[in-house]
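Subject: Two-chain model for you

Hi,

Here is the structure I promised to hand over. My notes follow below it.

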Amino acid sequence: MTEELRMDRRANLRAMWTFVKRDLKIWTYFKLNFLIDIAGIFSNIAIYAIIAMVAGKAVESSLNPFGGDYASYVILGIIFNEIMSTSLSAPYWGTMDAFWTGRLEILMISPISTPLFVTGTSIGRYVRSLINVAFYLIFGALLFGLKLGGTINYGLAILYILVATIACTGLGLMGASLIYLIEARGGEDPIRWIVGILVGLASGVYYPLSILPQWMQWLGCLIPQTYALDAARRSMIGEAIRAKTLPIHGLFSASPMMVDMAALIAFSLVTVPLGWWMYNQGVRRAKMDGRLSRWV
Amino acid sequence: METYRKIRRHPQMQDYAIETFNLSKRFGIKPLEEWKGWEDQLTHLIKERLQKKGKNGKRETTAVDCVNTKVKRGEFFGLLGPNGAGKTTLIKLLTCLLYPDEGTALVNGFDIRKEGDKVRASMNVIISGGWLGFNFALTVQQNLEFFARIYGLQKDLAKERVAEVLDILDLKDKRTEVPLYLSSGMRQKLLLGKAFLVRAPVLFLDEPTIGLDPRAAYDVRDFVKNKLNREYGITVLMSTHYMEEADLLCDRVAIMHEGKIVATDTPEDLKSSVKKGDLLELKVANMTPDLAEKIKGLDGIDDVVMHITDPVSGVGTVRVRTPNGRKILADVSKTIEEEGASVKFVNNVDPTLEDVFINFTGKRLRE
C-alpha cells in the first residue's frame, strides 16, 4: 500500500515546471504590485532616455565603437544587466525566501536534490527577468529611441549573455552559500555587494569605460559583466568591431570579441565549481550546526 | 508511474523501518553570561544546559545521546518527553536535516549518512507549524498539487490524489481558499494531506496536535492512526509531550529524557512496570507549595507529585505512590489538613505514562 519515490530526469523537469508556475502565480497574485513592477520598468527606461537627451552628446565620441547613440547604449546595458543581475541574485533570494517562509526544510526533506532545489527556487526569477526584458525592449524600441544597427548578430549577443549568465550564477552560488556559512540573512551578502558596486561603477552598464581613469577600467575587468556587456553591445549596435574598448584587449593580439569570450569562459570555469562547492559546504555546515531550518 | 520503482532494501532491514546505532548530536552553545537580558526567557532546563561542558571540554549541549532504538515496519512508535528532551533533534537526524556527530541510522534500510536521497524518497515529515511552508498565493488545491508535482507525481495521478485527499480530509469546500484563511485544525489537516498524497513507507510526525482544539486534535489522530497507519500500513514515528496521545495511539513508546531514550515498551507494559503498590490521587484545595515535601517526610511513601491546577484557589492534585495505600491514607490526610489544605476526594488510580516518566527520570513531563 505504500510507495517509494525516485526522482528521474522527467520527474525533475516536471518539478522544475511546477516551480516556474508557482513563482509566476506568486508574482501576479497581487495585481497592483505586478502593474507597479511594469511601471517601474517604464520609469527606469524613461529616466535614462531623458539623460540621453540632455547629456548624450557629451559621451558621443566615447560611444563610437557602439554606434554612437547613448540612448541605445544605455537601454541595451540595462537589458543585458537585468539578466545578469538576476543570475547573480537568484540563488541567494531563492534560498532566502525558502528560509524565511519556512519552505526550506519542507523542500530539503522532500526527495528533490540540492541542484534541483537551487534551480527550482531560482528559475521563476529568470522567467520573470525575461518578461522584464521583453518590456524593456518594447518600451525602448517604441517610445525611447532604441536603435539597433551596424552588424546586428542576435545569436552572438545571446551567446555572450548566456555564458555570462553561467559565470554570474557561479558568483550567485558563492553569495548564496554565505547564508549558511556566515549567516548573511539580512538581504545582502559581501560577494553580491562587491560585484554589485563594480557593476554599477565600472562594468559599462550606464557609460563607456573609456571615460573612467585607467585603474577603474582595470577594476571593471575583474567581473564577467564587463566582458559580456562589451561583446553583446558590439553584436547589436557595434560598428567598429575591432576597436579595443577594455584595457585587457590591448594585452592580446586576438580580436576583442575573442578576448571577451575567453574571459567569460574562464570566469565560468572558476565561479561555477567554486560556487557549487561553497554552496554544498554551506548546506553541510548548516546541517552540522543545526542552522538549516527554522523548525525547532 | 515511471517514477515509482522498487528501491533495493538492505537484507537486514526486513523487519525494521527505522534502526538507530549510537546516534548522537551535540550543539555548541553560548555560555550563560552571553545571554544577558534574556534570563527571564530561559527555562531552568536551558539554564542548566548552558552551564554544562561536554566531554571534550567545549561548552556544548548533547541533544541526542547515543540513541539505539528499532521501529518495526507498520508500527506506530511514540517518542515521549518534555520540551528539550531531544525528540525534534532525533527526527531531524532521521530525516537528514541534521548530520549526526556520532553513530548512524537506517530509515527504510538506507543509511542517513550515505544515502540521504533514498532516505528522503522513503519518508514524509509533518512538522509543527509546517503549514507556514505552504504558498500564500496558491489555493489549498494548488498547494497540494504543487507538493504532488515536486514529489514527482505525473499530472493525472497528482490531480487524482489531490481530489482523494480533499475528499478524505473533508477539505473539498475549502479547496479554492488560500491556507492563510484556514483554521489551525484545517491547516494541520492540509499538512497531513501532504503525507497522504505520497504514501511513503515511513512518516515522521513532530507534535502533530500541538495548538489544536480537541475536535481538530481528534480528527488528526483518527486520520493518522486509522487511515495512514492501519489502512495503508505506513510506519509512524511521532514525537509528543502529551502522554494521553502517546498512550492512545502508539504500539510502543520510547521515553526520552535529556537526549537519551530511558525506556521503550508498549504503553501497557511501561505502566505495569511502575505499578508496585498503590497510586493515590488526592484532589486538594488550598494547597501550599511545600505540601509535597511534608507528605514525602511520612513513613511508607515512595514518591509524591503535586500539581496545582488553579494557582488562585490552590486547587490541584497530589499523587502519592506507596506500597500500601490503605495504611498511609489517614496520615496523608492529616498532614494535608495540618497545612491548612483540605482533601476533596481520593482515588486509587492506575499509573499513567506520566508516572512512568517520573519513575525513570525523577521529573514531571511538564516541569
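Which residues of α5(B) and α6(B) meet? From α5(B) they are B:R161, B:V162, B:V165 and B:I168, and from α6(B) they are B:G193, B:F196 and B:L197. Meeting here means contact: C-beta atoms, placed from the backbone, within 7 Å. By class, this contact has five nonpolar, one polar and one charged residues. Nonpolar covers Ala, Val, Leu, Ile, Met, Phe, Trp, Tyr, Cys and Pro; charged covers Asp, Glu, Lys and Arg; the others, Gly among them, are polar.

Before the rest, the ground rules. This is a predicted model, in which local features need pLDDT of at least 70, side-chain atom pairs count only at pLDDT 80 or more, and totals for chains, interfaces and linings use all residues. Residues are numbered from 1 along each chain as its sequence is written, while chains are lettered from A and ligands numbered from 1 in the order in which they are written.

**The helix pair in chain B**

α5 spans residues 155–168 and α6 spans residues 184–197. Their axes lie 10 Å apart, at an angle of about 135°. That makes the pair oblique (under 35 degrees is roughly parallel, over 145 roughly antiparallel, 65 to 115 roughly perpendicular, the rest oblique). Axes are lines fitted to C-alpha atoms over the stretch in contact, and angles run from 0 to 180 degrees between N-to-C directions. The crossing is right-handed (the near helix is turned clockwise from the far one by less than a right angle).

**Chain A**

Chain A has 10 helices and zero strands. These are DSSP runs: H or I of at least four residues for helices, E of at least two for strands. The radius of gyration is 21 Å, close to the 19 Å of the globule rule for 296 residues, so chain A is as compact as a globular protein of that length. The radius is taken over C-alpha atoms; the rule is 2.2 Å times the number of residues to the power 0.38. The C-alpha trace spans about 70 × 45 × 35 Å along its principal axes.

**Chain B**

Chain B has 12 helices and 15 strands. Of its contacts with a separation of 6 or more, 73% join residues 24 or more positions apart.

**Where the chains touch**

Best wishes

How values were computed:
Contact = placed C-beta atoms within 7 Å.
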